[in-house]
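Subject: Structure handover

Hello,

Here is the structure for your files. My notes on it follow below.

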Amino acid sequence: MLATLTTAPSVFSPRRDLAAAQARANRVLRAMVETGAITEAQAADARANPAAVSDTTTVDARNFFLDTAADEATKLVSADGTAPPSSDLIVHTTLEPNLQEAARHAVSRILNAKGAKVHASESAVVLMKTDGAVSALIGGRDYDASTFNRATQAHRQPGSAFKPFVYLAAVENGISPWDVRDDGPVDIDGWTPTNYGGRTYGTVTLAEALAHSINTVTASLAQEVGISSVVEAAQRCGITSPLEQNASLALGTSEVTPMELTTAYATFASGGVRVYPYLVTEVEDAGGHVLYQRKAPEPNRVVASHVDRDLTAMLYGVVTSGTGRGAALAGHEAAGKTGTTQDYHDAWFVGFTTDYVAGVWVGNDDSSPMRNVTGGTLPAEIWKAVMTVAEKPLAATALDMSPPQAPTTDDTDTTIDAASGTTDDENGAPTSVNGPVGDDEAPPQSGGQQQTHGLLDWLFGRDHDTQAQPQQQPAPPRVYQSGPPGQNYGQPAVPRQPDDQNADPNAPPKDNNAQSGDDNGDNG
């Protein structure tokens, strides 16, 4: 079959017409018998086993994981300063092929079905166990089209997916998830964030503020506990990218990678113990000599148990009755948070069960806006598809979280001004708002009547309608830490294109007009 391609490879490609390509190959076999190059028996065997087109999509998608694991393995065996061996290495990894394929398939299926309509072209998925063992890593929609690993190298604004660190700092400062705050106008040195669609929510608990991604309450809360406390909490959980200590940080304007944000949520899933992502468990040389064997680090508690249970309860509320309802798993409790940046540039869902932690990002390499794609839509759908496969063989285990409590106020009703549409915090029409933000909500349904919901509706799981908005493009690749402090490994793999030593030809185009934060509204 290969011999028939020399005249016109694209015209005679078996991918264009397999039957015709096999017929041409048969003619070549006859000629080879006539010239004595092969015997008739050999030709008959070849005809009985004709060449066919193989789909390399599944195998090639593993390279996002394998590239990163190979880079990590090389660093591990040379951690003491010695040069890595020149012979081949045998690397044992944490990859779970069925989950890698589940992640690839979820991204491909959902983007193929809906991506073009909503102008969403790329996605990244990180799936790890609660101890940091990375089970699946999808760095893009198609490895063959681009080896740029968006899961480890792309820095994007997380929007409201960053808000849990604000609430973590608050609970650590003695504030209860069931304490109440008033949703009112906010002015922080001239920065006046508002809620998506201009909604107002009246008096709400902090748990409800996080579940419905209320910007004004979150921004005020960050000022109450101090931005430095928020930064410290995020870094303690595993955020390694630089965080700007300004007011808008509370709404997720500092860029992070999907790997580090998922790792930080793994701290919540582990009960408050710091988690370090890893892809390699053992490395041997060609002779079978063990060059590296992973030893689990000593547990390092960075969040108190009772604080982690409170935060888990709040994130559980996001999935059961807030902006993340699209990620709910049948038969398994899940907790997480949506995130969408200004003008729908980025959409996220990051969450966990007792077994796995997963982060999903959806967006475009050129940072062009999507059409109403929010964290509660495509990212939650991809997350749910992957986690459904991961949890299928596992017994349901309840999350370790605080039980719901009544609000610490006599007022049990929350009045919501739904002048822009519904009460769905992730579902509102774009609205011009002052101040740089990055958050998640989606277009509103028609209607304008005022709606009232009790806080106990959320506390006891009564359902009511809710949805996600967006922002930005990957910065140059940075290192994510894949082990405890002091171990210098875990840098993202360098894409395999040796021709250009100065630039990665597979990296997405730079957006020269991108800003570090939009001066418009936050969305959920």
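**Strands S6 and S7**

Strand S6 and strand S7 (residues 290–293) run antiparallel and are joined by three bridges; strands count as paired if DSSP finds at least two bridges between them. Helices (H or I, at least four residues) and strands (E, at least two) are DSSP runs, numbered from the N terminus.

This is a predicted model, in which local features need pLDDT of at least 70 and side-chain atom pairs pLDDT 80 or more, while totals for chains, interfaces and linings use all residues. Residues are numbered from 1 along each chain as its sequence is written, and side-chain values use heavy atoms, without hydrogens and water.

Glu282 has Gln293 of S7 as its bridge partner. Four residues lie between the strands of this hairpin, where Gly288 takes a positive phi near 90 degrees. S6 is also joined to strand S1 (residues 89–93), by five bridges and again antiparallel, with Val91 partnered by Val283 of S6.

**Helix H8**

Eight of the 11 residues of H8 (residues 215–225) are buried, so this helix too is largely enclosed. Among them are Val217, Leu221 and Val225. The cover over the buried residues, by contact (heavy atoms within 4.5 Å), includes helix H6 (163–172) and helix H9 (227–237).

Regards

Terms used
Buried means under 20% relative accessible area, exposed over 50%, partly exposed in between (1.4 Å probe, protein chains only).
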